[in-house]
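Hi everyone, thanks for making time this morning. Let me put the structure up on the screen, and then we can walk through a few spots together.

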Amino acid sequence: MTSDKTQWVDLASRSLGAGVIYANDELFADRENLIKPEDPVFQPHTFGNKGQVMDGWETRRRRETAGGGQGDSAIVRLGCAGVVRRVVVDTSYFTGNYPPEVSVEACGAEGYPAPADLPTASWTTLVPRSAVAGDSRNEFEVTVEQRFTHVRLTIFPDGGVARLRVYGEPVPDPRLLPATIDLAALENGAVVTGCSNMFYSSPANLLRPGLARVMGDGWETARRRDDSNDWVAVRLACSGSVEVVELDTSHFVGNAPGWAALGHDGASYHGGDLVARTALQPDTRHRFAVAGGPVAEQVRLDVYPDGGMARLRVFGIPTPRARAALADRFLRLLPEAQLAAVLGAAGLAQDEATRRAGARAGLEGLPDRAHEQFRLVRNNP
């Protein structure tokens, strides 16, 4: 896994906690279908009270004048706020009822705004009004370097979309990170950087929140017929002092690895310095205390010889320098309006908050109150 595209997570996935909080119309098919993690399906000649049952979001036919008015729209609260890299508007199985054109916008909002609060938000265009094809995965690259919390899909003039995928990089809010965090959590910014095999399922599943529901929620390799072993490498959310590691084989009964080891970049990956090579049990959450709190920025999980793992957890304390870097990046990526609000809440006068927001300023020069909000200590080493 070397391509950045394979590392991006779907920030709008329901499995990460995303929600479709608004749609102006959903007469034919529910808006919530847009963010289902599984691929869309179609069963022909399956009719309900409102017509063919479609696995997607579908609005009624508009009857305005030529041009279709303002179109129909749906707003998604992202499961993980972050920088959007690519958008996919999937019109699978919508053939005579897909929208000819779509646009996608995004905004950054503090807290948990209600749908009624968002129309007046400052929306940034990610995908300008563009033509799309029916029964297709319509992909759009995004180059806006900002952290967003919500996206708005607009279809012109009406029609159906099966799925909306919003691939990108999670950017956590440092104000919400406690002293000890899961350094390997996707929602905190960890990412898979390489693996030996992902025949059955993606290694990125290892970093997802919550417990795996079924075997397919984890990472599973093909059966090896040689003398080597499988592995996955992870760049942690930030550099941190590791305290506890969890290797979870839940739901892997006859195909769990026989053994596993976890090494980090501060030593030999193959040495298993965080967790020495140890026997694993099937369908079990294994937890290991790590003595000495070694500082890690990357880890490598080796499984012997092959098999499946549900989750990898690396609990630790971010270093002061790493926590400061998270806060600085967070501030520099906020949309201007949200950044001004954050700085105002941190004690800056409104004119100074507005000036710093316009300059995309980070941590430097912020008052002590702001540093306290980000759980920072002055003069970080």
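Cysteine 80 is buried, at 4% relative accessible area. This is a predicted model, by the way, so please keep that in mind as we go.

Let's move to helix α2, which covers residues 320-333. The helix has 14 residues and reaches 20 Å from first C-alpha to last, close to the 20 Å expected. Which of its residues are buried? Here they are: Ala322, Arg323, Ala324, Leu326, Ala327, Phe330, Leu331 and Leu333. If you like thinking in helical turns, remember that an α-helix has 3.6 residues a turn, so residues three or four places apart point the same way.

Glycine 19 stands opposite arginine 77 of β6. Strand β2 itself is mostly covered, with 4 of its 5 residues buried.

Next, a quick stop at serine 130, in strand β8. Is this serine buried or exposed? It is buried, at 16% relative accessible area. The side chain of serine 130 reaches the backbone oxygen of proline 128 at 2.5 Å. Leaving aside residues up to four places away in sequence, serine 130 touches Pro100, Glu101, Val102 and Phe140.

Finally, charges. Side chains of opposite charge can pair when their charged atoms come close. The model has 25 salt bridges by count. One of them joins aspartate 173 and arginine 175, with the closest N and O atoms 2.7 Å apart. Both ends are buried, aspartate 173 at 12% and arginine 175 at 18%. Another links aspartate 226 to arginine 224 at 2.9 Å, and here aspartate 226 is partly exposed at 44%, as is arginine 224 at 23%. There is also a network, in which shared partners join Arg85, Glu145, Glu169 and Arg329 through salt bridges.

Methods
Residues numbered from 1 in each chain as written. Predicted model: local features only at pLDDT ≥ 70, side-chain atom pairs only at ≥ 80, totals over all residues. Heavy atoms only, no water. Helix = DSSP H or I, 4+ residues; strand = E, 2+ residues; numbered from the N terminus. Expected span 1.5 Å × (residues − 1). Buried < 20%, exposed > 50% of the residue type's maximum accessible area, 1.4 Å probe, protein only. Polar contact = N/O pair within 3.5 Å; in protein donor to acceptor, adjacent residues only side chain to side chain. Contact = heavy atoms within 4.5 Å. Pairing = 2+ DSSP bridges. Salt bridge = Lys/Arg side-chain N within 4 Å of Asp/Glu carboxyl O.
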